[in-house]
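The sequence and model are shown first, and the description follows.

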Amino acid sequence: MKKQDSGKSRLFFIEFLIVLFFFLIIGTVCLRVFAASHKITRNADALAHAQSTAASIAEVLEAGESFEDSFPEAVLTSETSNDQEPIYEKLYEISYDSDLTVCGSDAAFYTLTVSLSEEDNNQTAQISFTDRTGENLYDLTVTLHQPLTREEALS
């Protein structure tokens with residue numbers, strides 16, 4: 001009688017190990033699925049933020065407002081001017097951490113770069129949003145024509 005009980009307990013133990021192994025595999029698969037969905041959600045949030053911020057910048061420029069006044073968190077990284085041609089260019093950067101909050105450039109997870117250039121009566125803004133690996137998430141180019149004033153047209 002004891003031999004049958006030990007055989008049943010071994011069978012139960014083997015069955016228990018098989019069930020445990022099955023749940024371990026299912027748990028691993030579920031964990032990978034949840035991790036992948038979290039990454040997709042984070043990328044979608046970053047893309048939505050990039051589109052919203054780029055649209056805001058375009059609207060500020062279209063309204064003729066000062067970029068520096070509307071986005072005080074922007075850091076001017078370079079400024080060039082050409083005396084031979086009427087070209088003027090400024091390059092701004094805004095750094096964001098992983099939660100898409102403005103931070104310093106040393107802790108930047110995402111970077112928004114805005115290149116403003118003026119040539120004749122056209123103002124062009126190149127807006128790009130990149131992550132810390134340098135992968136470009138979003139680009140927007142805006143060109144605005146500044147009409148001549150009456151005095152400028154007559155001179």
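## Basis of the description

Helices (H or I, at least four residues) and strands (E, at least two) are DSSP runs, numbered from the N terminus. The model is predicted, so local features need pLDDT of at least 70 and side-chain atom pairs count only at pLDDT 80 or more, while totals for chains, interfaces and linings use all residues. Residues are numbered from 1 along each chain as its sequence is written, and side-chain values use heavy atoms, with hydrogens and water left out.

Gln 51 lies in helix α1, and so does Leu 20, the helix covering residues 2-62. Residues are classed by relative accessible area, found with a 1.4 Å probe and protein chains only: buried is under 20%, exposed over 50%, and partly exposed in between. Gln 51 is partly exposed because its relative accessibility is 38%; Leu 20, at 48%, is also partly exposed. In space, Gln 51 is 8.5 Å from Leu 140, C-alpha to C-alpha, although 89 residues separate the two in sequence.

## The nonpolar core

A nonpolar core is a set of buried Ala, Val, Leu, Ile, Met, Phe, Trp, Tyr and Cys residues joined through side-chain atoms within 4.5 Å. The largest one has 24 residues, of which Ile 57, Phe 67, Leu 112, Val 114 and Phe 129 touch the most other members. At least two core residues come from each of α1, β2 (87-96), β4 (110-119), β5 (122-131) and β6 (136-145). Helix α1 gives the largest share, seven residues.

Beyond its neighbours within four places in sequence, Ile 57 is in contact (heavy atoms within 4.5 Å) with Phe 67, Phe 71, Leu 112, Val 114 and Ile 127.
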